Amino acid sequence: MSNSEDEKGNTANKQNSSEFVGSYGYMLERTNIPPENIPLAEIISQLPKAQRERLTAGYDLKKLARIFEDADTMATVDGFLKHGMNVSETSRELYMHRNTLIYRLNKIQRVTGLDVRAFDSAVTFEILRILYELK
């Protein structure tokens, strides 16, 4: 590759990155909130009550309440999500045997039908938890 081709490639990359910044902007500059700290609870609390009820319509809230009100189980979920859904890191942080952690995650899945080890289910679990706390 010649120097002129390399320079053209670098120029194209700079243009693409400036288009990205121009079209989306930097989140931190626009909101002063780091992207990893966007408050999901605040967003959900802004939804109209009818829409929040529609989101929970397909779930057994009594079964979910058993999980949401169990402090040990919720500490397990919080630790699991805090550590990027990594079983080894979570068990180390919680001073819990890996098999105990897996047992608790399986229990959550049996009771709620949501496997918090899968990203989509974990997000759904968190949204349902927030909706439960808003009631």
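Student: Which residues are linked in a network of salt bridges?

Tutor: Asp78, Glu126, Arg129 and Glu133 are the ones linked that way. Before we go on, this is a predicted model, where local features need pLDDT of at least 70, side-chain atom pairs count only at pLDDT 80 or more, and totals for chains, interfaces and linings use all residues. Residues are numbered from 1 along each chain as its sequence is written, and side-chain values use heavy atoms, with hydrogens and water left out.

Student: Where do Arg129 and Glu126 sit relative to each other?

Tutor: Both are in helix H9 (residues 119-134), and being three residues apart there puts about one helical turn between them. A helix here is a DSSP run of H or I with at least four residues, a strand is a run of E with at least two, and both are numbered from the N terminus.

Student: How do you know whether Arg129 is buried or exposed?

Tutor: Buried means under 20% relative accessible area, exposed means over 50%, and partly exposed is in between (1.4 Å probe, protein chains only). Arg129 has 14%, so it counts as buried. Leaving aside neighbours within four places in sequence, Arg129 is in contact with Phe68, Met74 and Asp78, where contact means heavy atoms within 4.5 Å.

Student: How many salt bridges are there in the whole structure?

Tutor: A search finds five. One of them joins Glu93 and Lys82, with the closest N and O atoms 4.0 Å apart. Glu93 lies in helix H7 and Lys82 in helix H6, so this pair ties together parts that are 11 residues apart in sequence. Glu93 is partly exposed at 41%, whereas Lys82 is exposed at 63%. Arg117 and Asp115 also form a salt bridge, and their closest N and O atoms are 2.8 Å apart. Arg117 is partly exposed, with a value of 30%.

Student: Why are H5 and H9 called roughly perpendicular?

Tutor: Their axes come within 11 Å and cross at roughly 90°. Axes are lines fitted to C-alpha atoms, for helices over the stretch in contact, and angles run from 0 to 180 degrees between N-to-C directions. Under 35 degrees is roughly parallel, over 145 roughly antiparallel, 65 to 115 roughly perpendicular and the rest oblique. The two helices are therefore roughly perpendicular. Leu64, Ala65, Ile67 and Phe68 of H5 make the contact with Phe125, Leu128, Arg129 and Tyr132 of H9.

Student: What about Arg66, is that one buried or exposed?

Tutor: Arg66 is found in helix H5 (residues 61-68), and at 55% it counts as exposed. From Arg66 to Thr112 is 9.3 Å, C-alpha to C-alpha, although they are 46 residues apart in sequence.

Student: What makes Ile38, Leu40 and Ile43 a nonpolar patch?

Tutor: Patches take residues with over 30% relative accessible area and no salt bridge; like charges are joined within 9 Å, and nonpolar side chains (Val, Leu, Ile, Met, Phe, Trp, Tyr) within 5 Å. Ile38 has 38%, which makes it partly exposed. Together the three have about 240 Å² of accessible area, an area that comes from the Shrake-Rupley method with a 1.4 Å probe, counting only the protein chains shown as cover for residues.

Student: Which loop holds Tyr95?

Tutor: Tyr95 is in the loop between H7 and helix H8 (98-112). Its phi is positive, about 50°, although Tyr95 is not a glycine. At 80% relative accessibility, Tyr95 counts as exposed.

Student: And how many helices and strands does the protein have?

Tutor: Nine helices and zero strands. Of its 135 residues, 23% count as buried.

Conventions
Salt bridge = Lys/Arg side-chain N within 4 Å of Asp/Glu carboxyl O.
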